[in-house]
Amino acid sequence: MKQMYGTSSAMNGQAQLIIKKGEDQSIVENDQQGWISTVDGLQLRIYGIKIITDQSKLTIPIIYIQDSQSALELNAVTFSGIELSPTSEPTGIIHINYDNSQFTASNCLFENIDIEKKGGNAIRLVNSGSYPITATIKGCQFNNINSIGDSNGRGGSAIYMENKHGSKLVIDDSCLFYKCITDKANGGAIYVDIDFTSEFEFKINSATVKECQIKIDTSKDLPPTGYGGGIFITGDGNYDPSTKRLDLSGMQILDNSAEKSGQSLYV
């Protein structure tokens, strides 16, 4: 229950959290990893909140998971009107940078998000260790997200995941990816890098990918860009189809575009 400050009354609907940086040049983010961050295997759960900013450009994640054995659960959380401008490396609005972690997002909304400079994603799952990350995304919407790819052509304006060491990504319950656009990269909405030799899992049980785009980097030929208007899947090793660990059968696609190839999907 959300309780109104100074009273015993319950608060209906979403509460609102405003990130007040002050101005683009503010140094408040210096030496910080995230506006909200976890340490020592903390389990963080956030319910029913709308997160916005004072219209300043952020340079660090809103939520940063920095230790193993952490858990992040988001339910009915909205991220709206966020401008992210990383200065040193690609960054996620939600950024998990360690293995052996769990992430669940249910009925969340990511809307009107712009990511520039070093690039990044609404959700960025980076496996920097040797144990799996388990991610489940249910009933979420990603609307009007614009991003730029990193120096290696990795995109995915909505979701980027390094699926290694038996990690799992499941997308379910009518998720929507609408007008997710990435420039100078591959993967308009989703980019997944898989270790096919591991017991990985990437399944889309129920999702619509609509009017997403990937744009080519006209300034250079390598790495190749412009592939996978909706989803781009890459990886190491040979995939055994009999395992059925890669299953996109629940995906519906409509009017996606890629400047090179794979209008909706490139594997």
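## Report on an all-strand predicted model

At 12% relative accessibility, serine 80 counts as buried, because buried means under 20% relative accessible area, exposed over 50% and partly exposed in between, with a 1.4 Å probe and protein chains only. Serine 80 lies in strand β7, residues 78-80. Apart from neighbours within four places in sequence, serine 80 is in contact with Lys50, Ile51, Ile52 and Glu111; contact means heavy atoms within 4.5 Å.

The model is predicted: local features need pLDDT of at least 70 and side-chain atom pairs count only at pLDDT 80 or more, while totals for chains, interfaces and linings use all residues. Residues are numbered from 1 along each chain as its sequence is written, and side-chain values use heavy atoms, with hydrogens and water left out.

**Overall form**

The protein has 26 strands and zero helices. Both kinds of element are DSSP runs numbered from the N terminus, with at least four residues (H or I) for a helix and at least two (E) for a strand. For 267 residues, a compact globule would have a radius of gyration near 18 Å, and the value for the protein, 18 Å, agrees. This radius is taken over C-alpha atoms, and the globule rule is 2.2 Å times the number of residues to the power 0.38. Along the principal axes, the C-alpha atoms fill a box of roughly 60 × 40 × 35 Å.

Of the 267 residues, 48% are buried. Among contacts between residues at least 6 apart in sequence, 84% join residues at least 24 apart. The protein exposes about 12,300 Å², of which carbon and sulfur atoms supply 42%; accessible areas come from the Shrake-Rupley method with a 1.4 Å probe, and for residues only the protein chains shown count as cover.

**The two sheets described here**

Strands of a sheet pair through backbone hydrogen bonds, either parallel or antiparallel. Two strands pair if DSSP finds at least two bridges between them.

An open sheet of eight strands runs in the order β2-β5-β9-β12-β15-β18-β22-β26, with parallel pairing. Its edge strands, β2 (36-38) and β26 (265-266), each pair on one side only. Another open sheet has seven strands in the order β3-β6-β10-β13-β16-β19-β23, and the pairing is parallel. Here the edge strands are β3 (43-47) and β23 (246-247), each of which pairs on one side only.

| Strand pair | Bridges |
|---|---|
| β5 (residues 63-65) and β9 (residues 91-96) | Three bridges |
| β18 (residues 190-195) and β22 (residues 231-236) | Six bridges |
| β22 and β26 | Two bridges |
| β13 (residues 133-138) and β16 (residues 168-172) | Five bridges |

Individual residues can be followed across these pairs. Isoleucine 65 stands opposite isoleucine 96 in β9, and aspartate 193 stands opposite threonine 234 in β22. Isoleucine 231 faces leucine 265 in β26. In the seven-strand sheet, alanine 135 has leucine 169 in β16 as its bridge partner.

**A buried loop residue**

Glycine 187 belongs to the loop between β17 (175-183) and β18. At 0% relative accessibility, glycine 187 counts as buried. Leaving aside neighbours within four places in sequence, the contacts of glycine 187 include Gly155, Thr182, Tyr227 and Ile231. The C-alpha atoms of glycine 187 and tyrosine 160 are separated by 9.1 Å, and the two residues are 27 residues apart along the chain.
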